[in-house]
Amino acid sequence: MSASIRLNNLCKRYGQLEVLRGIDLDIPAGQTVSIIGPSGSGKSTLLRLLMTLDRPTSGEILIDGESMWTDAQGRAMGPNSAHVRRVRGKIGMVFQHFNLFPHKTALGNVMEAPVHVAGVPRDEAAQRAREYLELVGLGDKIDAYPAQLSGGQKQRVGIARALAMHPEIMLFDEVTSALDPELVGGILQILRDLAAKRTMTMIIVTHQMSFAERSSDRTLFFDQGNVVEDAESSVLFSNPREARTQQFLQSVIEAV
Amino acid sequence: MSPVFDWAFAWEILPALGSALVITVQATVLGMLLAVVLGLALAMLRRVRLRWISAPVAVLIEFVRSTPLLVQMYFLFYVLPQSGVQMSPLATGILALGVHYAAYCAEVYRAGIESVPRGQLEAATALNMSAWRTAVGVVLPQAIPPVVPALGNYLVAMFKDTPLLSAITVVELLQQSKIIGSTTFRYTEPLTLVGVLFLLLSLVAAWGVRRLESWLKQFGGTR
């Protein structure tokens, strides 16, 4: 099951700094969307807002038509309110720096939320956690602590940990940026496989242009807190409409 | 003329000092238990988002840390009974030690809690964990092991503060040695023994804390 996302005039300011300047966006359930753009353009901030890690300055986020920060009566809700927690429960996130729990094994990391949030019995949660770790190719590392794992392996645990809560929406925040180059391919392959199943709405902030082009339905180009261009991935990369997009893609290609 | 240090006399008073030492150790262990638990509670309450809880807790911690332990002890000893609370002098002393050191421990815990990276909290939020589960399952297991040495220092410091209990009539080690001194007019042996006993137990406590520290290392994990 997957959920749709709608953003209405979404703004985020940190003090004087305007990070998101009124984003309007519609993402249908099951779509895989890549977000590209220069650093500081607001890509990661958008994911943070979608994950409820930050509250919008103004504007609205709707998940399956339901407002994230206000209840059905239009009252503002706190981050620990039942309403926000219910909406948040539909969303999962994988982080650039993994953010694994260092005091827990790979299995412990994946089991934590199913046991303590979803209330799944330990045995069942352990069994399912093993399956998720096998799915991401870590079946032989279930008892390893994060410190004993490579970056790529840590990120696999991060993906398994998020998947174990069956999110309807998955957010990937530059999940390959902290990895050694030879480990990037494996993680992208997992993302590709997940996208192909179409069981989740996926938003992927990435600097891997070829991945965005070939493996996502749609790509957004962000610059200075705005969505500058929003198109089918193949179109955006082969035939960018906006001068700013062309310039960005040009500079990225030259860097390779 | 009697010798400066009479070994036979020292040997003779050792049992009396030993039984007083039991009181001292009891006060330290129970006081530290109270300090470690109450300190953690204070540290967590201080971080609660609701200001009407966190602000008074912050004031309480500052107040306790900024007033002398001896004053607090006298206050509990003389004022508490007037409000109808009856406690033995030893229990009063343990309460005073525990509350006083809880305020210090709360600051130590706070340092530990603040050293846990933000990303850990964000991961917990992303997994939809409750505030309680985030604290117990994610933050504290990473916050406490690194601060055990600092807590251990306070254990030793509290141990050395137990002679203050003599001010509220508890017959602990120092008080016992003074009683011996005043009845025999010999102070050298009892006071020397008090010093030696404090030294020995401080060393034992420090060793115990180091053991605990290395045992805890297997839990905190490395980032």
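Two strands pair if DSSP finds at least two bridges between them.

**Ground rules**

I'm working on a predicted model, where local features need pLDDT of at least 70, side-chain atom pairs count only at pLDDT 80 or more, and totals for chains, interfaces and linings use all residues. Residues are numbered from 1 along each chain as its sequence is written, while chains are lettered from A and ligands numbered from 1 in the order in which they are written. My helices (H or I, at least four residues) and strands (E, at least two) are DSSP runs, numbered from the N terminus.

**Chain A, the four-stranded sheet**

I traced an open, antiparallel sheet of 4 strands in chain A, ordered S2-S1-S4-S5. Its edge strands are S2 (17-27) and S5 (66-67) of chain A, each pairing on one side only.

What joins S4(A) to S5(A)? I found 2 bridges between S4 (residues 58-63) of chain A and S5(A), and the two strands run antiparallel. Looking at Leu62(A), I got Ser67(A) as its bridge partner in S5(A).

Helix H1 (residues 43-50) of chain A lies across S1 (5-14), S2 and S4 of chain A, at about 65 degrees to S2(A). For such angles, axes are lines fitted to C-alpha atoms, for helices over the stretch in contact, and angles run from 0 to 180 degrees between N-to-C directions. A contact means that the C-beta atoms of two residues, placed from the backbone, lie within 7 Å.

**Chain A, the six-stranded sheet**

Next I followed 6 strands of chain A in another open sheet, S6-S7-S8-S3-S9-S10, with mixed pairing. S6 (91-94) and S10 (226-232) of chain A stand at the edges with a single partner strand each, so one side of each has no neighbour in the sheet. Neighbouring strands here are turned by 20 degrees against each other on average, direction ignored.

S6(A) and S7 (residues 169-173) of chain A run parallel, joined by 4 bridges. I noted Leu171(A) in S7(A) as the bridge partner of Met93(A). Helix H5 (residues 151-163) of chain A packs on this sheet, touching S6 and S7 of chain A, and its direction makes about 175 degrees with that of S6(A).

**Chain B, overall**

I counted 8 helices and 0 strands in chain B. Its C-alpha atoms fill a box of roughly 80 × 45 × 25 Å along the principal axes. Of its 223 residues, 34% count as buried; that needs 20 or more other C-beta atoms within 10 Å of a residue's own, 12 or fewer being exposed and anything in between partly exposed, with C-beta atoms placed from the backbone.

**Chain B, one helix pair**

How do H4(B) and H6(B) run relative to each other? The axes of H4 (residues 89-114) and H6 (residues 131-161) of chain B come within 8 Å and cross at roughly 150 degrees. They are therefore roughly antiparallel, a label for angles over 145, with under 35 roughly parallel, 65 to 115 roughly perpendicular and the rest oblique.

**Chain B, Leu80**

I found Leu80(B) in the loop between H3 (69-79) and H4 of chain B. Buried or partly exposed? Leu80(B) counts as partly exposed because it has 15 C-beta neighbours inside 10 Å. Leaving aside neighbours within four places in sequence, Leu80(B) is in contact with Val85(B), Met87(B) and Thr92(B).
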